Amino acid sequence: IENIRGNHLPLIFSIRGASMNEKERRLWIVELVKKSTKGVLVSDLSKELNVSLVTIRNDLAILEKDGMLTRFHGGAIKKENREMKNNLSDFSNKNKEIIAKKALELVKDKTTIVIGSGTTTAVFAHLLSQSKKKELTILTNNILAIPYLIVNHNFHIIIIGGKYQRDNHSTFSPSLSDSIKSMTIDQMFSGADGYNDQKITSKNDGVSFSSEISSYAKETYVLAESYKEGKSFFIPVMDVKNVTKIINEND
């Protein structure tokens, strides 16, 4: 039996459908989410399990609260491993690479750019380090990005110090604005946990780094996979009206 996003469904679960109890149904959902690289949709789960959309949304809300998955608008995806990643393959994927390549095309020689926290921005940093861009000044608080950036001798790297934010592998300092007021920042490349037509939002503390620096940058780009569209978290990062462009894999 094959349906949701090309995943094979366990025969016993597909046959039982609505006869499954809550625990069985939620275990089934977790397993399916783990096997999917793109996530699963509420509508697909509702059809397969023969339960209402409301029931599925309630299941996903409880599973997210329990740390079993991460919801997005209309579905859910497996929860990202928050342990420190050592290899690019640990956090990169095809969509992130597409986004990073698009962002790379925007960077010009002899400019000052900022790379914010996030795994997509780390993939961008990796591609940037392999490029022929010259005389770049790069500010970053992204711990994942630093090992890639420092190998390119055409770059002048400024690492933003401060408290280590374990959730998104970045640093943050409340006195950040004092150190950048005198700098000319041409472009900022920021990550995001969610975005809509009004706000860029995050689930991590310390994101005021992106919020502050975007007010100094001539251009601000948000690098985010399309599944994050419509998701909203309680920490606002910046208004969309102040963003030059949101770059995802579909643009």
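Helices (H or I, at least four residues) and strands (E, at least two) are DSSP runs, numbered from the N terminus.

This is a predicted model: local features need pLDDT of at least 70, side-chain atom pairs count only at pLDDT 80 or more, and totals for chains, interfaces and linings use all residues. Numbering starts from 1 along each chain as its sequence is written, and side-chain values use heavy atoms, with hydrogens and water left out.

**Stop 1: helix α5**

Select residues 94–104, helix α5. Color K96, I99, A100, A103 and L104: these are its buried residues (buried is under 20% relative accessible area, exposed over 50%, partly exposed in between; 1.4 Å probe, protein chains only). Look down the axis of α5. The buried residues fall within an arc of 140 degrees, so they line one face of the helix; the arc is that of the directions from the helix axis to the C-beta atoms. Turn to the other side of α5, where K94 and K101 are exposed.

Zoom to the start of α5. There, a side-chain oxygen of N93 comes within 3.0 Å of the backbone nitrogen of N95.

**Stop 2**

Select β10 (residues 194–195) and β11 (residues 199–202). They run antiparallel, joined by 2 bridges (strands pair if DSSP finds at least two bridges between them). A hairpin of 3 residues links β10 to β11. Pick Y195: opposite stands I200 in β11.

Finish on K199, which stands opposite D239 in β13.

Conventions
A polar contact is a pair of N or O atoms within 3.5 Å; within protein, one must be able to donate a hydrogen and the other to accept it, and residues adjacent in sequence count only if both atoms are side-chain atoms.
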